[in-house]
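User: I have a structure open and would like to go through a few of its features. Can we start with the pockets?

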Amino acid sequence: MHWIDYLIFVVYMLAMLGVGVYFFNKNKTAEDFYVSGRNMSSWHIGLSVVATDVGGGFSIGLGGLGFTMGISGSWMLFTGLLGAWLSAVFLIPKVSQLGHQYKFFTFPQIFGHFYNSKVALLAGIISAIGYIGFTSSQVLAGAKLASATIEGLDIQMALIVMGAIAVVYTAIGGLKAVIYTDTIQWLILIGGLVFIGIPIAYHAVGGYDVIKATLAPEYLSLTNVSWYQILNWSITIIPIWFVGMTLYQRIYASKGEKEAKKAWLIAGVFEWPIMAFMGVILGMLAKVAATNGMFEGITDAASMDSEMGLPVLLATILPVGLMGLMLSSYFSAILSTADSCLMAASGNIVTDIIAKFSKKELTHKKELQLSQLVTLLIGVFAILLASQMQNVLELMLYSYAFMVSGLFIPVLGALFWKKSHPIAAFWSMLFGGATTILLIITENKLPLGLQLPEHLDANIYGISISLILFYTISIYQYKKEKQNGIQNN
């Protein structure tokens, strides 16, 4: 890269730190730090939500889908649109009211309200571990992209630099810094793709005639996807909109129910069709470039890592100056997810775990300082985890799947079913999540040589087990308590 590109990139990173420093002096309480004083507008919240949800996934996943299957890969984010709008209609009206009434900071506090402290503690532990792992994965993804794009950059150095910037502005600035940087990062990303990435890549590969001649016809079709792939995406992505700690923090941070609903509608439209098609189109252009020998040292597009096609394309085609802008756009996508996951993990540990065992009440100032310190320590741990223990990182990311399959049914039960029982929530959480992890590890294999369909995601089975246990135990406890009530009378 040219020194001008490095300068643009450095200025961008310093600007992100500047936002964190600005809000450092604005935060007076833990409420300011974790839920932005509960006064954020719908556009800031909406852009932050979509930046968090699509951010890292866009950089790694969408380009890869476009590279391997064409525009049909855009259906993945259609499930994001469904999840956003379903939660806007069914979840936000209940959660927004509770959050403002009881001054909630975290998602597990919902469980504490409807069930008991033991269920809330378990949910907090599961959520915290999942988001620490996810923070590590985002920082690692950014470091890999940097090392692939910037010639001579060591991945460990990229990891330290990127991780440190994200951790520092998040730890000192809190959620308000995260939301404002997300807004900036999202605008940079959209601008970079619309005005730089797509037009230049389209021109560089030779235009539509070359694209059509190079790619198989199914790449230009929206039907190049199986029913079970859409089912897998749905069962993995839609529940996140109901159990994601990052999303609950933003519901609480909104001025009210109306603003939160509007934010979720905005986020849904940005997910699909806007970001969905931008991502897969760039991935397709990378496939055309690789197939036609535009990438130095790569002679066979089929043997190339599909998810690295996009960053290699950008490094190949972009001129001086624009490379720095596009690289900043890329890292915007990564950081906007990493900072939100870091805030989520910090909120879980301080509010759902430390507060449960702390016997003395902290002053607002002490609580704020504790929150900032815990955020900083988690961030440092996440960077160390990504740099030294990538095999352990994979194990920790299992907890994210555990979180989705374990928490989805209990939260639906808490909000929408009066017979829901704490014991049912506790065991369905454990067994639903454990089923998913076991099937991921064994690749859907059961004891005695039995094999579940490999093409179905393990989350489907985990959520099913969670549902069966939750319903069965809740009904049993309901009948048992009703019988005991009759006997006592």
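User: Which helix gives the largest share of the lining of the second largest pocket?
Analyst: This is a predicted model. In it, helix 15 supplies the largest share of that lining, with four residues.

User: Which helices each supply at least two residues there?
Analyst: Helix 2 (30-35), helix 15 (322-357) and helix 16 (364-388).

User: What volume does the second largest pocket have?
Analyst: Its volume is about 510 Å³. The lining is made up of 19 residues, and Phe105, Ala355, Glu361, Leu362 and Glu367 are the closest to the pocket's centre.

User: How do the lining residues divide into nonpolar, polar and charged?
Analyst: Eight are nonpolar, five are polar and six are charged.

User: New topic. Which residues touch the most other members in the largest nonpolar core?
Analyst: That core has 152 residues, and the ones touching the most other members are Phe111, Trp186, Trp241, Trp264, Met275 and Leu313. A separate second core has six residues, including Leu452 and Tyr461.

User: What is Trp241 in contact with, leaving aside neighbours within four places in sequence?
Analyst: Among its contacts are Val49, Leu91, Leu247 and Trp264. Trp241 also contacts Asp53 and Glu271.

User: Last one, Thr436. Is that residue buried or exposed?
Analyst: Thr436 has a relative accessible area of 0%, so it counts as buried. Thr436 is part of helix 18 (residues 422-442).

User: What does Thr436 touch, not counting residues up to four places away in sequence?
Analyst: Thr436 touches Ala401, Ser405, Ala458, Asn459 and Gly462.

Notes
Residues numbered from 1 in each chain as written. Predicted model: local features only at pLDDT ≥ 70, side-chain atom pairs only at ≥ 80, totals over all residues. Heavy atoms only, no water. Buried < 20%, exposed > 50% of the residue type's maximum accessible area, 1.4 Å probe, protein only. Contact = heavy atoms within 4.5 Å. Core = buried A, V, L, I, M, F, W, Y, C linked by side-chain atoms within 4.5 Å. 1 Å grid on protein atoms, 1.4 Å probe; cavity = no way out; pocket = protein on both sides within 12 Å on 5 of 7 lines; lining within 4 Å. Points joined across faces, edges and corners; volume = space filled by probe spheres on them. Nonpolar A, V, L, I, M, F, W, Y, C, P; charged D, E, K, R; others polar.
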